[in-house]
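Q: Please take a close look at the two-chain model shown below, with attention to the place where the chains meet. I would like one connected account.

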Amino acid sequence: MIQSILLWLAAILAAPFFSGLILKIKAFFGGKKGPPILINYYTLIKLFKKGSVYSNSTTIVFKLGPVISLAASITVLMFLPIAGFNPVFSFNGDVIFVLYVLGLGRFFTIAAAMDTASPFEGMGAAREAYFPIICEAAMFMILIFFYRITGELQLSAYFTGSNTLNMWSLAGAPLLFIVISFFIILLTENSRVPVDDPATHLELTMIHEVMVLDHSGPDFALIELGSFCKLMFYSTIISRMILPFESAIFGFPIVMYLAGLLAVYVAVGVTESVTARYRMDKVPQFVLTSFALAFFATIITLEFVK
Amino acid sequence: MCQLFSSTCIILLGGFLSLFFARQKKFSKGIAVLFLSGGCLLGLIDAAGKLLDPAGAGASASFRYLDLFSLSFHVDGLAAFFLTAIFAVSLMAAIYSFHYMGNEENGIKTGVNYFFFSVLIAAMALVVTAANILTFMISWEIMSLSSFFLVIYSHESAENRKAGYLYFVFSHVGAMFILAAFGLIYGHTGNFDFASLADVPETVKILIFVFSFIGFGSKAGVFPFHVWLPHAHPAAPSHISAVMSGVMIKTGIYGILRIYAILDFHTPVFGYITLIAGVISGILGVVYALGQHDIKRLLAYHSVENIGIILIGLGVGMIGAATGNPLVAVLGFAGGILHVLNHSVFKSLLFMGAGMVLHQTGTRSIDALGGLLKGMKITGTTFIMGSLAICGLPPFNGFVSEFFIYMGSFKTIALGSSISFSMSVFAIISLAVIGGLALACFTKVVGVVFQGEPRTLAAENVKEKGWAMMVPMGLLAAACVIIGVFPKMFIHMALKAVQALGLDYGRVPVEPFGQISCNITFAALLFLVMALIIMGIRSTCYKNKTDKNTTSGTWGCGFSQPTVKMQYTGSSYAGSILAFFSAAAPLSEDHPPIKGRFPLKTHYHSHVNDIAELYMKNVVVRPVFYLFDKLRWMQHGDIHLYIGYILLAIVLLLFFI
């Protein structure tokens, strides 16, 4: 339990660092030196010290938005096995709870954006409401896949100890699809290129950044931390899926985990550097790809995994 | 039983007295609200008591009138569960109506409204307790007719009269189907009782189920028989919409469950029919809801969606019962039945919120409103809570029942057969999509109606008033949270109702489900604690910073002359999602293009077509009209020939006896 809580805290604290890594990779591809690797911590500290500017249009919902979205992100991390160790909490069906809590966070992010009466934020909110519908379908398809293989409905049954390795041995090829499908969901849910561009917010094509345009100071810091943690949540899952190896050597799982995380964040950074953002009406097709992959993988398991 | 009848009598007495004293407007209204809420409270205590009492056996009563026919009533777990929902929502609606019904209107009209309201509550209570075909049919018709008169309350408007007519036609076509199913039952058993139909051949049982599914489905609002629903609900006064959408349509669900129970025939086919009907109603209901511009119409379409979710749960339960898997069966049925209660709580809350908006602003058009949360703190907050609940988000009550249905559907995967696998994939994916779409729809309503800036004069400086309207909203919102965080008691109530279905499992084991409710409580509390901790951190961050916090206009990316018209509207918010579903929800637009150097004034109007309505008009209504047009010569007005027709019909029928 103590170990799990420490890992949970470490994940929250390390989340900004890894997101900073993406900036470094993008700078590398651009032939630039880039910001310091700890830039996100500096930004958070700076924001926490500041005051806030509130729009006259806003209500209490605007202030609740950052709180609920961060609470959602750190609550779901509690149910996630980090580096293959037991999660802080776990119960039968916790995956469904986790997905719905993320939905709750989304509701409040959108509601906070609509609170400002800004046309830009309304536009971002409409997209934030749209794409995750398909993502959610894909996520549940992946859950059906996991359920087919393990017969369980909790994150700890998929990602602790040797469980992930067992999944590979049972359904290796389809699981490869799931990894790709999950990566697409990661890009969409965390508003990365090619779905969204986290680097700018002034173009009308933006989703997440434009929704938080009016937040400032500590409120904005909470939102930033929340999105770092959310990215951490998805990356941890992929990291565990691609490097599920176990060994008795002390620290081995942690090293494996960090290597996996590094791979995921580098992949996000590289994707961001070498691809352009899709036109908005192409995004649903991109997201549907992840659903199709997961669906295909599940169909394969019907025949080959008894 | 005695308590139930006395509460029904008190309710009816309230209606009569209100009509009798209609000229003294305030007195008539007060006495009606007093009697109605008193009667409902009494009934609620009785029904909930029966459900919570572990040893509580059913109660029966029967009357005979001149030996012609017998009226008999029976309260079992299922009936008591629906009674609880009916009395709870009616109680809230009765209190709400005290301030909602204006004093300036014609007193007779108010009296008539209360009279039919009381008849509707009593009829609903009798429908769910009826123990034979005759009693059921009589109560069912009284219920349909009384709600018809409530729908045409504002009969001055042609639109409302049309809505009432549509409702009348649908409820009677539906009643004909139910009658056909009952006729089959009577034909094979020879008596009117809802006794077990063990000896009836299986094909007949399937036919009975299909007929009653169509008949009850048209009352419940199952796609494609839901066409009346989005017309009738906005037409009725808001407290009536709350009762109709919250509990009256659930009598259709009750009917399906009751017929399923007495058929005593566990075939997966019933499960497939119910589940697929649920999936289609669920997804299309929420897609059409997303396209609406009228807040009450939008909520009415959400009833179609939630009926879909309930049917998915029941379908999963039926598949579980047919394949002999008690856990799946109980999870599915309990989830569906619990969602009946949950939906009646949050939907009546939302209709009351919409009613308050309509009452204070005079408009139901979403795009004409905005920024109402600032003046309507209680309405806005409770409406947001209701929205979270209807989206199925934790820690609110919608999550609990959806969680049960999810668990049941996932367990169906393990049953093995490929049909049940594809059914469970259907159920799970559609539940996920429905959840996402409902979130989009309610962020639209909350964002456009309650947040931002007022879009028209109607929405400016609006305040809320009337404690009788706010108290029920507060209570219902509290119920959403209580069921969402501490669902144990309510799960037990649902399990008691499942027990009455007679699934051959004897007593339904409570322990595994108690564990689920503990998990939900734990997770909900965990989230709330996290939110509180972060709120604490936030407030320490803002300590001593009052000088640093400033207010200003919304950042317009450098543009300094924003107007309220530039805000995203509900139509634009939903536009891209509707485009994705354009095959099922074709959009018709009316937008003369802007031409020339000095363009004329233009307008934009969009309407999302309901394909059921569209096809019903072209495929059913037109051919029927054409056919009857050809038969018009029979209707000549000569009374002698009419009597001849009757004689001829009787003589012809004699050959079949």
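Predicted model: local features only at pLDDT ≥ 70, side-chain atom pairs only at ≥ 80, totals over all residues.

A: Residues are numbered from 1 along each chain as its sequence is written, and chains are lettered from A and ligands numbered from 1 in the order in which they are written.

Along the principal axes, the C-alpha atoms of chain B fill a box of roughly 90 × 65 × 55 Å. Its secondary structure comes to 22 helices and five strands, where helices (H or I, at least four residues) and strands (E, at least two) are DSSP runs numbered from the N terminus. Of its 657 residues, 54% count as buried, a residue being buried if 20 or more other C-beta atoms, placed from the backbone, lie within 10 Å of its own, exposed if 12 or fewer do, and partly exposed in between. An automatic or database domain assignment divides chain B into domain 1 (1-185 + 222-249), domain 2 (322-540) and domain 3 (616-654), and the C-alpha centres of domain 1 and domain 3 of chain B lie 34 Å apart.

Chain A, with 306 residues, has a radius of gyration of 19 Å, which agrees with the value near 19 Å for a compact globule. There are 11 helices and one strand in chain A, and buried residues make up 59% of its 306 residues.

Where the chains meet, 62 residues from chain A and 62 residues from chain B take part, two residues being in contact if their C-beta atoms, placed from the backbone, lie within 7 Å. On the side of chain A, the elements that give two or more residues are β1 (53-55), α3 (60-78), α4 (94-114), α5 (119-150), α9 (217-242) and α11 (283-304), and α5(A) gives the most, with 17 residues.

β1(A) pairs with β3 (residues 550-552) of chain B in the parallel sense over three bridges, strands being paired if DSSP finds at least two bridges between them, and A:Ser55 stands opposite B:Ser552 in β3(B). A:Val53, found in β1 of chain A, counts as partly exposed because it has 17 C-beta neighbours inside 10 Å. Leaving aside residues up to four places away in sequence, A:Val53 touches A:Ser216, B:Thr550 and B:Ser552.

In α20(B), B:Gly570, B:Ser571, B:Tyr573, B:Ala574 and B:Ile577 are buried. Seen down the axis, these buried residues fall within an arc of 150 degrees, so they line one face of α20(B); the arc is that of the directions from the helix axis to the C-beta atoms. The buried residues of α20(B) pack against α5 of chain A together with α11 (268-290), α16 (418-450) and β5 (605-608) of chain B.

Note on methods:
Rg over C-alpha atoms; globule rule 2.2 N^0.38 Å.
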